[in-house]
Amino acid sequence: MSEKLFSLLLKNGRLIDAGQNLDGNFDIFLVDGKVRELAPTLSVTVDQVIDLKGLWVLPGAIDLHVHLREPGFEYKETILSGARAAVAGGFTSVACMANTNPVNDSATVTRFILEQARSAPAKVLPIAAISQGMQGEILVEMGDLVEAGAVAFSDDGKTVPNSKLLRHAMEYSSLFEKPLFCHCQDNALFADGLVHEGVISAAHGLAGIPPLAEEIDIARTIMLAEYLKVPVHICHLSTRGGVELVKAAKARGVRVTAEATPHHLFLDERAVVDLEYREALDENLKPSMLCYNTNTKMSPPLRSAEDVAALRQALAEGTIDAIATDHAPHEATEKAVEYGLAPFGVVGLETALSLALRLVQEGVLTPLQLVARMSSAPAEILGLKDRGSLAPGMAADLMIVDPEREWVVDPGKFYSLARNTPFAGWCLKGQVVKTIVDGQIVFSL
Amino acid sequence: MSQIVENKICDSQEMGLILARIAEEIVARNQGHQKLALVGILTRGVCLARRLQRIIKDRSGRELPLGILDITLYRDDLSHATHHPVLRKTEIPFSLDDATVILVDDVLYTGRTVRSAMDGLIDFGRPQSIQLAVLVDRGCRELPIAADYVGIEVPASPQDRVMVRVEESDGFDLVTVNPRSSFEGESANGI
Amino acid sequence: MGFKRKDLLGTRDLSAVEIRTLLESAESFKEIAERPLKKVPALRGKTVVNLFFEPSTRTRTSFEIAAKRLSADAVNMSAATSSVVKGESLIDTVDNIQAMAPDIVVIRHRYVGAAHLIAGRIGASVINAGDGANEHPTQALLDLLTIAEHKKLEPGLTVAIIGDIAHSRVARSNIWALTTLGVTVKVCAPPTMLPRGLEEIAEICVCRRPEEALVGADVVMMLRIQLERQDRLLFPSIRDYARIFGLNRRRLELARPDAIVMHPGPMNRGVEITSEVADGERSVILNQVSNGVALRMAVLFFLGGQGA
């Protein structure tokens, strides 16, 4: 990346690195985009020294699940704007889903994404589709795509309804040791659902999405992976039943991993009609604008409080391996419509790390577990051997966090082109102040 | 309470005499009219109209039909009302066409209530004539309206407070006039 | 006291005092319908826009008559004649209407929350005339007005609501309003049309069979079965539904001897209700329609009377 060997010394920071099981004060010496040395005290001659007293140094977060919308929907987000949002949120690598236009189902699209990403501040990892055009009928040319740079396969946004096709996708992708990321959803049960089937759907006449719509498909996916003895990754787990299926499968030795999003870890169905954080919001917002806020509409939907508790527990005990944002940018006018017409999805890159820190503050996760869920586990799931930890020799991808810094989520200040967050107005403690990718400072607060 | 007593205009006994006189005048002036009717404006106007109806029956044997009129929907100050108006039921159980209607209210002040009441009455038919009977005329008219039958004239400034209380709704009969300052917070009687 | 809202979006958050204020005022407005000249000047100079994105002759006409009897200028916009068919968003449509400075906007829309979306955006008062399966507050209030003509609306009264509860805004608005007044509500629907978790959020009694709901009922409220939903696998056939859930004379005998029968209309005669019952002496279905005008006059009067 740099023309000469740029060296950087990070002094006096608290290094939290799950990959090495380290949590303590270390000086970190970075040269040529890689970590050279770690020690309690280092004195070397470098191009730049940064004193990080009182700050935390974490391996850069890796997001298994983002939608960067390019090509095709550049009005919602571009690879560049999405990558800027990523580094502002401490993410140094992001894996982008294939539901672009055209769908990333050919080496041409994968190469285009990587080409666009060359000027982006974060590392962009294209996930290719499982089926051509995400139509669920014909497999993509997996070999060609892997050669072009695809890191995984997913028809995310849709399930693969044909079990035979899903089976063959699992079998064929195992040849390249690339994981399948499964968006689990039974289409008939999901139907035209808008919110979780529960007290809110019942009270407000909004079409419900039963937890079963997700769980039945998770069960099918796990059964296929178990039978074929291949790894599989479950996207955005949202229900207690889903957690139990994954937990039981892991106990049987199935190579299943799972992710959960910050919004499913913090919000439940009630947010649809009454954002619980009302008092934190702009007082100019009238109550009726808090009701049926389309930034609470996503798939899977915000579930019950019981589900949220189950997800948090599963995250703590490791049944859920990773926090992924499912960053789904939409243009403001697309969301400024009737709840039933709004597209599913919310952005997450710029709030995820601070929300994860809140999980630490609430005692759900330890700092080391946070790093495991946001960095080392995602690296392992994607088979990225050069990142997810700051051990010597690894890529110098890291974030510097001020754990005490308080800030209020203001979508107007997002680097993302989109503003569709349900966390607007939240007061969060702990924020990324610098992000370094391959030894270069790509973001400073 | 002491303030009310100090500024008393008339009490129960005097009010009875006044109403008897008005009843007499109504009968005398409308000797030949077959279709004569009373319409009281809610709330105290209705109470007074009922008393007039009874007195007229006792004295002359004539039983006049009685109507009740709520003028809320005809007010010209609906949008400016600081409190939400209470809407009550209008009941005019007889035809107004070609009738002589005696409109009855407690206080005549700006004249706006009477204007609203006339608008309301006309929606029910085409009376041959409308006459106005009030217990108190306190002056300060804002519209060219005059009463045909007046109980007492009480020249009062807009700052003064003329209050009519009747037994049916207030428990006792009493008319008082007070400077507004001594009655902060009470709602005005008559518009 | 009274009713001091900018909008009427639902009955869910109305207090008992607000409900009773509207009902008492509506009671006074009934009289206007009996006059030879059915018009009062209360809302003279006010503009009421009826914005109907779903076809509804009855509710729209009722609002229009109510507005005109109050001397307001009522303008109707229906989806078929508006720019909506040209792909304009609701926000744009509403911004355009707002630019014409109406005082009250009455909206009917197939999506839940459409009225709330508008109310948060414009200065005019918004009346929800039905948003998806969520709320239809004026229908529920006119139902209460009709019940009050025959029964005391207070604890001890039992109302049975039978039909497609899941997709019914009429049912929801009635459930909220009736339970707020302490009335006992029994609901009965085919299990496919009963929202999961309804008992958790409302103090109601859910009955499996209509017979159970009818026993001891003072009021029987039948809901319209939406025949166009047939393709949604909700019930096997109209015939089967009519046999199990339809209200006929024999079933009605299970209710209190003086029970009244209601239906929000339009009825599917022979499906959810037999003609014999619908046209019978205990039916108050047409009273509901008359009361709709008086109730809507009361609502328009309260909302329209507060403009500056």
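**Exercise 1. Determine how much area chain A and chain C bury between them, and describe their interface.**

Solution. Chain A and chain C bury about 1,700 Å² between them, with 61% of it on carbon and sulfur atoms; buried area is the accessible area (1.4 Å probe) that two parts lose on being put together, summed over both. The structure is a predicted model, in which local features need pLDDT of at least 70 and side-chain atom pairs count only at pLDDT 80 or more, while totals for chains, interfaces and linings use all residues. Residues are numbered from 1 along each chain as its sequence is written, chains are lettered from A and ligands numbered from 1 in the order in which they are written, and side-chain values use heavy atoms, with hydrogens and water left out.

Step 1 concerns contacts, defined as heavy atoms within 4.5 Å. On chain A, 21 residues are in contact with 25 residues of chain C.

Step 2 concerns charged pairs. There is 1 salt bridge between chain A and chain C, the term standing for a side-chain nitrogen of Lys or Arg within 4 Å of a carboxyl oxygen of Asp or Glu. A:E197 forms a salt bridge with C:R196, and the closest N and O atoms are 3.5 Å apart.

Step 3 assigns the interface to elements, where helices (H or I, at least four residues) and strands (E, at least two) are DSSP runs, numbered from the N terminus. On the side of chain A that touches chain C, the elements giving two or more residues are α6 (199-204) and α10 (287-290) of chain A. The largest share of that side, 5 residues, comes from α6(A).

**Exercise 2. Identify the residues with the most contacts inside the largest nonpolar core.**

Solution. A nonpolar core is a set of buried Ala, Val, Leu, Ile, Met, Phe, Trp, Tyr and Cys residues joined through side-chain atoms within 4.5 Å. Buried means under 20% relative accessible area, exposed over 50%, and partly exposed in between (1.4 Å probe, protein chains only).

Step 1: the largest core has 94 residues, and those with the most contacts inside it are A:M170, A:L180, A:L237, A:L370 and A:M374. Helix α13 (residues 352-361) of chain A gives the most to this core, with 7 residues.

Step 2: apart from this core lies another, of 93 residues, among them C:A66, C:I104, C:M221 and C:L234.

Step 3: leaving out residues up to four places away in sequence, the residues that A:M170 touches include A:L180, A:T221 and A:L224.
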